[in-house]
Amino acid sequence: MKKSKISAIEIAQLYNRWIEESRLVRSSHTVDSYEITVNQFIHYVETECKMNMKSFDAMKCYSKSMIEDWLRWLQEKGYCTPQSCNVRLSNLRSFLKYLSSEDYKYAELYLSSMAVERRNAEKTKIYGVSKRGIEALLDSIDTSTDIGIRDYVLWELVYKTAMRIGEALSIRLKHLNLYAEKPFVTVVGKRSKVRTAYLQPKLAENLRNYVIHIFGKNNDGESFLFFSRVNGKDQPMTTKGAELRLKKYAKIANEVCKDVPIDLHPHQLRHARATHLLEKLNIIQLSKFLGHEDVSTTMRYLDLTEEHS
């Protein structure tokens, strides 16, 4: 068997292992992004570079020039914006870093990817929602159904804890501590960083009622807090599905309160909570609340200057 084919098989096996291990510590949104990235890269390698299993050469496939050509192709074909290209590059680097950690012979592949420059991309400004808009959004949700109850608790949780949507959707029942003196939920954020999000009394009460209503008092703890019924089976709620639900409520709320944008995105709720809390917290406290490692990240996130610190 040729050396190139052995490498192709090994890399495919390590890829499957990487995805499975990522599912244990990453949000479903992140894992989906990983899979999209690798599929796009393989598609490019096979269709544009005419490289298949028989002609596979790991060093050529993951070379600096190959990755740069791939990113250029993504932009030229309109598959990705510069911002999305940077996400794809970051994802591919994560995979190659995993390869190098599993077998040092792949270290050169990871180093090649690190030599690729990120695309020039303008930072998209995030606009939040007013407190009145948040109230209108939550009031637009019909809580007479199980789905409505789920959606209300989801968006209340996302707003009041300033969670990323991927963090919220990755919560399992075992991550909840709703009967502690100070109720909290354990959240796995970016780069698998674990943090504690404390819950306000009303939110904790709503979560307790939701868990009892949907799951009953007996549960295995492994069930996802927010799920959808697909073909008769409970599946983790997807980011795309959650975004579509949010836009549905935003459209309803916009008829009552124009502070709610029709194209509302989950991250705008996190941003809204951050700006609202800035009225009560200093920038250091807010940075810790958001789970940022560096206060400068919080300042850039909110478009603040040093005079706010």
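## The main core

The largest nonpolar core holds 44 residues, and Leu154, Trp155, Leu225 and Phe226 have the most contacts inside it. A nonpolar core here is a set of buried Ala, Val, Leu, Ile, Met, Phe, Trp, Tyr and Cys residues joined through side-chain atoms within 4.5 Å. Buried means under 20% relative accessible area, exposed means over 50%, and partly exposed lies in between (1.4 Å probe, protein chains only). At least two residues of this core come from each of these elements: helix H7 (131-139), helix H8 (146-161), helix H9 (165-169), E2, H10, helix H11 (239-254) and helix H12 (266-277). A second, separate core has 35 residues, including Tyr34, Leu74, Cys80 and Cys85.

What does Phe226 touch, beyond residues up to four places away in sequence? Its partners are Arg150, Val153, Leu154, Leu157, Ala168, Leu169, Tyr210, Pro236 and Met237. Contact means heavy atoms within 4.5 Å.

## About the model

This is a predicted model: local features need pLDDT of at least 70, side-chain atom pairs count only at pLDDT 80 or more, and totals for chains, interfaces and linings use all residues. Residues are numbered from 1 along each chain as its sequence is written, and side-chain values use heavy atoms, with hydrogens and water left out.

## The whole chain

The chain has 14 helices and 5 strands. Both are DSSP runs, numbered from the N terminus: helices (H or I) have at least four residues, strands (E) at least two. The C-alpha trace spans about 65 × 50 × 35 Å along its principal axes. The chain has 309 residues, and 44% of them count as buried. Take the contacts with a separation of 6 or more: residues 24 or more positions apart account for 61% of them.

Now the charges. There are 48 positive and 38 negative side chains, and the centres of the two sets lie 2 Å apart. Lys and Arg count as positive, Asp and Glu as negative; His and the chain ends are not counted. Each charge is placed at NZ of Lys, CZ of Arg, CG of Asp or CD of Glu.

## A three-stranded sheet

Three strands form an open sheet in the order E1-E2-E3, with antiparallel pairing. Strand E1 (176-177) and strand E3 (194-198) are the edges, each pairing on one side only. Two strands pair if DSSP finds at least two bridges between them. E1 and E2 share 2 bridges and form a hairpin with 6 residues between them. In this pair, Asn177 has Phe184 of E2 as its bridge partner. Strand E2 (residues 184-188) and E3 share 5 bridges. Here Val185 is partnered by Ala197 of E3, and Val188 stands opposite Val194.

Which residues of E2 lie on its covered face? They are Val185 and Val187, while Phe184, Thr186 and Val188 make up the uncovered face. In E3, Arg195 and Ala197 are on the covered face, and Val194, Thr196 and Tyr198 are on the uncovered one. Side chains alternate between the two faces of the sheet in a regular strand.

## Two loop residues and a helix residue

Lys50 has a positive phi of about 55°, although it is not a glycine. Lys50 sits in the loop between helix H2 (28-47) and helix H3 (58-61). Ala162 also has a positive phi without being a glycine, with a value near 60°. Ala162 is in the loop between H8 and H9.

Ala162 counts as buried because its value is 0%.

Asn206 is placed in helix H10 (residues 201-215). Why does Asn206 count as buried? Its relative accessibility is 15%. Leaving aside neighbours within four places in sequence, Asn206 is in contact with Tyr152, Val153 and Glu156.
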